[in-house]
Every structure is written in C-alpha cells, then in structure tokens.
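I opened this notebook to go through one chain and write down where space is left inside it and what surrounds that space. The entries follow the order in which I looked things up.

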Amino acid sequence: MSTTRRDLVRRLRLLLVLATATTLALFFAYRGVHDDTVPLSTASTPGIRAVDTARGALRQANAVVRETGAEGDTSGEFLTQISVAQQSLALAASENVTGLTGRHDVQTVTGLIAVYSGWVERRGREPEGSPLRAAFLHYAEKVLGLEAEAGTEGDIMSRLDALRGEQLAEARRQAAFPWQLWLGWCTVAVLYAALCGALLETQRFLRHRFRRPVQLRLLAATAVCAVGVPVLAWQTLSAHRAMTDSVAGVQVPPAGPDAVPEGAGEVRGALADAGFWASLSDLIPLGGAVVAALALWGLWPRIAEYRFRSQR
C-alpha cells in the first residue's frame, strides 16, 4: 500500500506549523526592537537635545549679562536667549519622554527662569556703580546655578541636569538589547532554518516521487523565506546599531551651543528611516500567510489526487 499521501500530509502539516511559528516569533522579535526606534528618534533624543539647547541658551544669556553694562542686562540678545531656552523647554515637555514627572520638572524650571530674569531686570534698573548690581547678579546666578559647577538641588542647571539624566536613562532603555530579545531572535533563527530545511526536503521528496524537477509554488515559498527573513534581520541589526550610535551621540552634553544643531542632525540621520522599517512589522503576518498558502497550494492537489485514488 502506498504511503505517498500520508507522507505528503505529514510534510504539509509540518510546513504549516513551522510557517506559523516562524511568523509569530519573527513578528514579536522584530517589534521588540523596532517599536522603540520611532520613540527614540522622534521623542527621546530630540527631548535630550532640547534640554541641551536650553542649557546652552541660558549660559549664553548669562554671558551677555556679564559682558554688557546696565543697558545690556535686558538687551535683545539676552531676551532672545531666554526665549530660545523657554521654547526648547516647551519642546522637551511636548516630547513627554519621562511622563508626568518630566513635565512637572519643565514647569518648575520655566518658573525659575522667570525668577532669574526678574533678578537680571532688577540689576539692569540700578545705575552703574551701584552695589546692588553685584548683589542682584549674585542672586540671579544662584538661581541659575552657575556659582559652582556642582550646583545645588534647586537651581535651574541642576534640575536640567537631572531631567537630562532621566531622559538619557529612557533612551538607553529603548536602545538596549536585553536577553528576551536575544532569546526571541535565536528562536527565529532556529525556526527559520527548520522551515527552509523542510521546504527543501519537501521539494526533494516531490522531485524523486513524481519525477518533476521543480515545484514552482514551493520554490516561491522558499524564495519568500530566503529573502524576507534575512532582510528583516539585517535591518533590525542596522536599526539597533543606529539606536546605539544615537544614544552615544547624546551621552555627553555638547561643548557649546553651536554643537547642538550638529549633534541633532547626526541623530536624525542615523534613524531617518525608522518609521518605514517599523511599519514593515505589519507585513510579517502577511508574508507568513503567503508562505503557508503557497505550501498548501503546492501540496494539496497531490494529496487530493491520492485521496481519490484510494477511494477508487
């Protein structure tokens, strides 16, 4: 009695199980990396750069106060830098990197900037040579946190440093590759190898049993697997490297205000296509369905043929 039909059914079941398992494993492993690429590129790193811009603008504003006389304390340059700092903090709050705590910190810093500006304005109203000018500048810089590099817990720079540290910790978490992802991708590799092996073995079986050199539908399923999974795996590796590079790029605050735009451009370039590649996760179930459908389409006619033979 021929066992061909039973062999075909067993191979079809194996292909369907492996296709389903590989699709699910690939979907979750891929999403585990790419779900964080868009938040990292559009929220976390811009939020960190916004804080850096605010810090640089406030330092520049204070330098203007120190370099000019009474007429320059509230000059256009000073007000411009204060405005840049406030707009940058508004951007940092809108990115919502650290949630409610971060927004509260930004609101606190914004209020302290108003206090700082108030002391500077009072200094500017004093005549040249007045001893109050030095006192008001001292109070302003104490609020700003420039009297000592370490600062105090409640000054502007210390709060901005703390906020930056929280944002950086979130960015590191997004760029991390924990053991769960390693396990997921190792599972993908094992299942992918098993699926490709099963497809090749099934084609060899059909070639020997039915004397047909090529089974086009199974060959198409093999091609989908052979191209799709390696491309997605390679892009995931590239995305992870870009995420790591982006975090490394914001690890250390820029040396000066002019370095902030350059660093922000490098981060955007590293993750320029993050949204496109993240969206491809929605196509993974479709690809798995195509492989399963091609396997079913390729084997079922043969299975049906032997079923009809057995009935005769």
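**Entry 1, second largest pocket.** I began with the lining of the second largest pocket, whose residues divide into nine nonpolar, two polar and no charged. In this count Ala, Val, Leu, Ile, Met, Phe, Trp, Tyr, Cys and Pro are nonpolar, Asp, Glu, Lys and Arg are charged, and the others, Gly among them, are polar. I then noted the lining residues themselves, which are F177, W182, W185, C186, V188, A189, V229, A233, T236, L237 and H240. Helix 7 (179-210) and helix 8 each supply at least two residues of this lining, and the space in the pocket is about 250 Å³.

The model is a predicted one, in which local features need pLDDT of at least 70 and side-chain atom pairs count only at pLDDT 80 or more, while totals for chains, interfaces and linings use all residues. Residues are numbered from 1 along each chain as its sequence is written, and side-chain values use heavy atoms, with hydrogens and water left out. For pockets and cavities I kept to a 1 Å grid over the protein atoms alone: a cavity is a set of points where a 1.4 Å probe fits but cannot get out, a pocket is an open set with protein on both sides within 12 Å along at least five of seven lines, and lining residues have an atom within 4 Å of a point. Grid points are joined across faces, edges and corners, and a volume is the space filled by probe spheres set on the points.

I counted 11 helices and zero strands in the secondary structure of the chain (helices are DSSP runs of H or I with at least four residues, strands are runs of E with at least two, and both are numbered from the N terminus). Of the 312 residues, 44% are buried, where buried means under 20% relative accessible area, exposed over 50% and partly exposed in between, with a 1.4 Å probe and protein chains only. Among contacts (heavy atoms within 4.5 Å) between residues at least 6 apart in sequence, 81% join residues at least 24 apart.

H240 is buried, with a relative accessible area of 19%.

How much space lies in the largest pocket? I recorded about 350 Å³. Of the 20 residues that line this pocket, V224, G228, L232, I284 and G287 are the closest to its centre. Helix 1 (4-34), helix 8 (216-251) and helix 11 (284-311) each supply at least two lining residues, and helix 8 gives the most, with seven. The lining divides into 15 nonpolar, five polar and no charged residues.

My search of the whole structure gave one cavity of 30 Å³ or more, and the largest cavity has a volume of about 60 Å³. Helix 3 (76-95), helix 4 and helix 6 are the elements that give two or more residues to the lining of the largest cavity, with the largest share, four residues, coming from helix 4. The lining residues include N96, R103, L163 and Q167, and the whole lining divides into five nonpolar, five polar and one charged.

Helix 5 (residues 131-144) has 14 residues and reaches 20 Å from its first C-alpha to its last, close to the 20 Å expected at 1.5 Å a residue, the expected span being 1.5 Å times one less than the number of residues. Which residues of helix 5 are buried? I listed R133, F136, L137, A140, E141, V143 and L144. They cover an arc of only 155 degrees around the axis, which puts them on the same side of helix 5; the arc is that of the directions from the helix axis to the C-beta atoms. The buried residues of helix 5 pack against helix 2 (37-67), helix 4 (99-125) and helix 6 (156-175), whereas the face turned away from the buried side carries the exposed residues P131, A134 and K142. Just after helix 5, G145 takes a positive phi of about 95 degrees.

Q215 is found in the loop between helix 7 and helix 8 and is buried, with a relative accessible area of 16%. Apart from neighbours within four places in sequence, Q215 is in contact with Q203, L206 and G298. T4, in helix 1, is buried with a relative accessible area of 2%. T4 and F205 are 201 residues apart in sequence and 9.9 Å apart in space, C-alpha to C-alpha.
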